[in-house]
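Here is a short briefing for a first look at this structure. Keep the sequence and the 3D view at hand.

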Amino acid sequence: MAYNEQLAERIREHLAATEDLAQLREQKMFGGIAFMWRGNMLVGVHEDRLLVRVPREDTDAELQQPRVHPFDITGKPMRVWLSVEADAAKTKRDLARWIARSRAYVATLPPK
């Protein structure tokens, strides 16, 4: 299955309006697309889901939210990555909240 191009475009539009584009790049990853910020993966799209990065200690709490799942394409879930159903990021506000959540964590990581 190809990744959700509409979701990817919505992410591009949001990032173009809120980030320094010089620090952003796109990269094909996981059969989808990743949006890299300062060399670290910020968010992505895999199939029809938004990928969001959160601190390891917040994963369990985030997974209690509806339509949020562990990101798992290998049989071993990645503890800092959430797979968020597209419906949970349907509005601009919802998408902005997920991206901001991910950005807050990625901002704590050293640039690559």
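Over the face of which residue does Arg38 lie? Arg38 lies over the face of Trp37, at 4.6 Å from the ring centre. Bear in mind that this is a predicted model. The points below cover charges over rings, an aromatic pair and a helix contact.

**Charges over rings**
- Trp37 has Arg38 over its face.
- Trp98 has the charged end of Arg97 over its ring, 4.6 Å from the centre.

**The aromatic pair**
- The count comes to one aromatic pair.
- Phe30 and Phe71 form an edge-to-face pair, because their ring planes stand at 75 degrees, and angles over 60 count as edge-to-face.
- The centres of these two rings are 5.2 Å apart.
- Phe30 is partly exposed, at 28% relative accessibility.
- Phe71 is buried, with a relative accessible area of 2%.

**The contact of H1 with H3**
- Two packed helices are described by the angle and the distance between their axes.
- Helix H1 (residues 5-18) and helix H3 (residues 92-106) have axes that come within 11 Å and cross at roughly 70 degrees.
- H1 and H3 are therefore roughly perpendicular to each other.
- H1 contributes Leu7, Arg10, Ile11, His14 and Leu15 to the contact.
- H3 contributes Lys92, Leu95, Ala96 and Ile99.
- The residues of this contact divide into six nonpolar, one polar and two charged.

How values were computed. Residues are numbered from 1 along each chain as its sequence is written. This is a predicted model: local features need pLDDT of at least 70, side-chain atom pairs count only at pLDDT 80 or more; totals for chains, interfaces and linings use all residues. Side-chain values use heavy atoms; hydrogens and water are left out. Axes are lines fitted to C-alpha atoms, for helices over the stretch in contact, and angles run from 0 to 180 degrees between N-to-C directions. Helices (H or I, at least four residues) and strands (E, at least two) are DSSP runs, numbered from the N terminus. Angles under 35 degrees count as roughly parallel, over 145 as roughly antiparallel, 65 to 115 as roughly perpendicular and the rest as oblique. Contact means heavy atoms within 4.5 Å. Ala, Val, Leu, Ile, Met, Phe, Trp, Tyr, Cys and Pro count as nonpolar, Asp, Glu, Lys and Arg as charged, and the others, Gly among them, as polar. Rings of Phe, Tyr and Trp (its six-membered ring) pair if their centres lie within 6.5 Å; planes under 30 degrees apart count as stacked, over 60 as edge-to-face and the rest as tilted. Buried means under 20% relative accessible area, exposed over 50%, partly exposed in between (1.4 Å probe, protein chains only). A charge sits over a ring if NZ of Lys or CZ of Arg is within 6 Å of the ring centre and within 35 degrees of the ring normal.
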